[in-house]
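Hello,

Here is the structure I promised to pass on to you. Please open it next to this email and follow along.

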Amino acid sequence: MKLKHRNRFFYAGLIITGIVLLLVLVGVVYTPYDPTAMNAQEKLQGASFRHLMGTDNMGRDIFSRVLYGSRITLLIATGTVALGAIAGILIGAFTGYYGGRLDEVLMRVMDALFAFPSILLALVFVSLFGTGTWQVMLALGVAFIPSFSRIVRSEFLRCKNADYVKSAKLQGASSLRIMFWHIMPNCKNVILSAILIGFNNAVLAEAGLSFLGIGAQPPYASLGKMLSDAQQYMMTLPVYVLGPGLMIFSMVIGFSFLGEGVRE
């Protein structure tokens, strides 16, 4: 029996994301070398049995740094999506269900924020909060709130006049119960898809900020910072770029496929 087109996306994303998460978990408990340990005698070496992906310009093992940097990137992406999703879902749910003046005020604020690209908005917040792992997580999280709020609001506007909602009101259910017990489960596929696509965007945004030098700061390894360090060695040591670049690509394509797969 052939898989549906949507399911093929889901399973492909599940396999790719599973491999990425497995590598990250391995990196939590074991790395071949200390990802921050420098060795001037072994800098800019090619791939070998000793160093699977070679060494960088400071003699650090690239494979170990990719494993460690993936953890940092996923940590920032998770914090970003958690902040953006929680705040955005609450704003979207209340504005979509109640409407009126609350909807007008909050959605005009969201529209103003949404008018700016998330990476540009994050740069503004980074300039206020400063650079670093937690600052980038907060900046990106705030920048992601408008997209989540708009998606959830549209779903609540679609569902709030449905028959099951009218039935719940006739039975005396409270507004909060109707919102989070009756409407929210009927929006779960769209919200889950938005969260997974949010991971995709968060990984790219974090990599972009770290590439510019305003993301995770040394001694922490970040995939975006590794790409920034590797760009001048792209022709002489391509494996330096391949490691972090392939991991970013795998994260993005995996989360994209998962998001497409769960969407109705």
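Let me start with a rule for rings: those of Phe, Tyr and Trp (its six-membered ring) pair if their centres lie within 6.5 Å, and planes under 30 degrees apart count as stacked, over 60 as edge-to-face and the rest as tilted. This is a predicted model, where local features need pLDDT of at least 70, side-chain atom pairs count only at pLDDT 80 or more, and totals for chains, interfaces and linings use all residues. Residues are numbered from 1 along each chain as its sequence is written, and side-chain values use heavy atoms, leaving out hydrogens and water.

The ring rule gives seven aromatic pairs. Phenylalanine 199 and phenylalanine 255 form a stacked pair, because their ring centres are 5.0 Å apart and their planes at 20°. Elsewhere, ring pairs connect Phe94, Tyr97, Tyr98 and Phe180 into a cluster.

How many disulfides does the whole structure hold? The search finds zero, a disulfide being a pair of cysteine sulfur atoms within 2.5 Å. The sulfur of cysteine 159 has its closest cysteine sulfur in cysteine 187, 4.2 Å away, so the two are too far apart for a bond. Cysteine 159 is buried at 4% relative accessibility, and cysteine 187 is buried at 1%.

Enjoy exploring!

Definitions and conventions:
Buried < 20%, exposed > 50% of the residue type's maximum accessible area, 1.4 Å probe, protein only.
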